[in-house]
Amino acid sequence: MPLDAKFIGRTYPPTEPYEVGREKIREFAAAIGDPDPAYNDPEAAKALGHPDVIAPPTFAIVVTMRAADQVVYDPELGLDYSRVVHRDQKFTYTRPVRAGDRLTVVTTVDDIKVLAGNDVLTTRAEVRTVEGEHVVTALSSLVARAADESEG
């Protein structure tokens, strides 16, 4: 059964604040193999005009994935996560994520459509500081593969 298009426009409550730590940024940068000193050295980040180390651009996935769980595991939506593949991800920044940020995420279902029998779910996650400053918007698209007829 296709996902219900009535979910388009549904917004989920803000997540609990996520405090961004220097070590988490360092670990993330190391995991993706990015040696930029602004991710590891506060003085290098300050030389670039930042108050502390900044995170690599894809770091936002750490906080937005947690928020996406609200949508993915919403029992009313009925998404079969065992059939999901990640289709697309885009980040639009107002400023970099910085160590010390306390971030919350509000996720909205932007679109639901069916392509070749597969459900395509597009979400928008607005990441803000607890003070309300916009940091990044993450657009994500998931595909839930259609059930194979041989599966019953």
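Reader: Which residues does S141 touch, leaving aside those up to four places away in sequence?
Author: In this predicted model, S141 is placed in strand 5, which spans residues 134-144. Leaving out residues up to four places away in sequence, the residues that S141 touches are H86, R87, D88, V120, L121 and T122.

Reader: Is S141 buried or exposed?
Author: The relative accessibility of S141 is 6%. Buried means under 20% relative accessible area, so S141 counts as buried.

Reader: Which element gives the largest share of the lining of the largest pocket?
Author: The largest pocket holds about 270 Å³ of space. Its lining has 19 residues, and M65, A68, V72, S140 and L142 lie nearest the centre. Two or more lining residues come from each of helix 3 (60-72), strand 2 (84-93), strand 4 (118-129) and strand 5. The largest share is six residues, and the element that gives it is helix 3.

Reader: How many charged residues are in the lining of the second largest pocket?
Author: The second largest pocket has a volume of about 230 Å³. It is lined by 14 residues, with M1, D119, R145, A146 and A147 closest to its centre. By class, eight of the lining residues are nonpolar and two are polar, and the number of charged residues is four.

Reader: How far apart are the end C-alpha atoms of residues 7-137?
Author: An unreviewed UniProt entry annotates residues 7-137 as "domain: FAS1-like dehydratase". Over this range the chain is 23% helix and 32% strand, and the distance between the end C-alpha atoms is 20 Å.

Reader: In the salt bridge of R22 and D52, which residue is buried?
Author: The side chains of R22 and D52 meet at 2.9 Å, N to O. The pair links distant parts of the chain, with R22 in helix 1 (residues 22-32) and D52 in the loop between helix 2 (42-47) and helix 3, 30 residues apart. R22 has a relative accessible area of 35% and is therefore partly exposed. At 14%, the buried residue is D52.

Reader: What is the distance between the closest N and O atoms in the salt bridge of R26 with E23?
Author: Both R26 and E23 lie in helix 1, three residues apart, about one turn of the helix. R26 is partly exposed at 24% relative accessible area, and E23 is partly exposed at 47%. The closest N and O atoms of this salt bridge are apart by 2.4 Å.

Key:
Residues are numbered from 1 along each chain as its sequence is written. This is a predicted model: local features need pLDDT of at least 70, side-chain atom pairs count only at pLDDT 80 or more; totals for chains, interfaces and linings use all residues. Side-chain values use heavy atoms; hydrogens and water are left out. Helices (H or I, at least four residues) and strands (E, at least two) are DSSP runs, numbered from the N terminus. Buried means under 20% relative accessible area, exposed over 50%, partly exposed in between (1.4 Å probe, protein chains only). Contact means heavy atoms within 4.5 Å. On a 1 Å grid over the protein atoms alone, a cavity is a set of points where a 1.4 Å probe fits but cannot get out, and a pocket is an open set with protein on both sides within 12 Å along at least five of seven lines; lining residues have an atom within 4 Å of a point. Grid points are joined across faces, edges and corners, and a volume is the space filled by probe spheres set on the points. Ala, Val, Leu, Ile, Met, Phe, Trp, Tyr, Cys and Pro count as nonpolar, Asp, Glu, Lys and Arg as charged, and the others, Gly among them, as polar. UniProt positions are given in the numbering used here, feature names are shortened, and annotations may be inferred rather than shown by experiment. A salt bridge is a side-chain nitrogen of Lys or Arg within 4 Å of a carboxyl oxygen of Asp or Glu.
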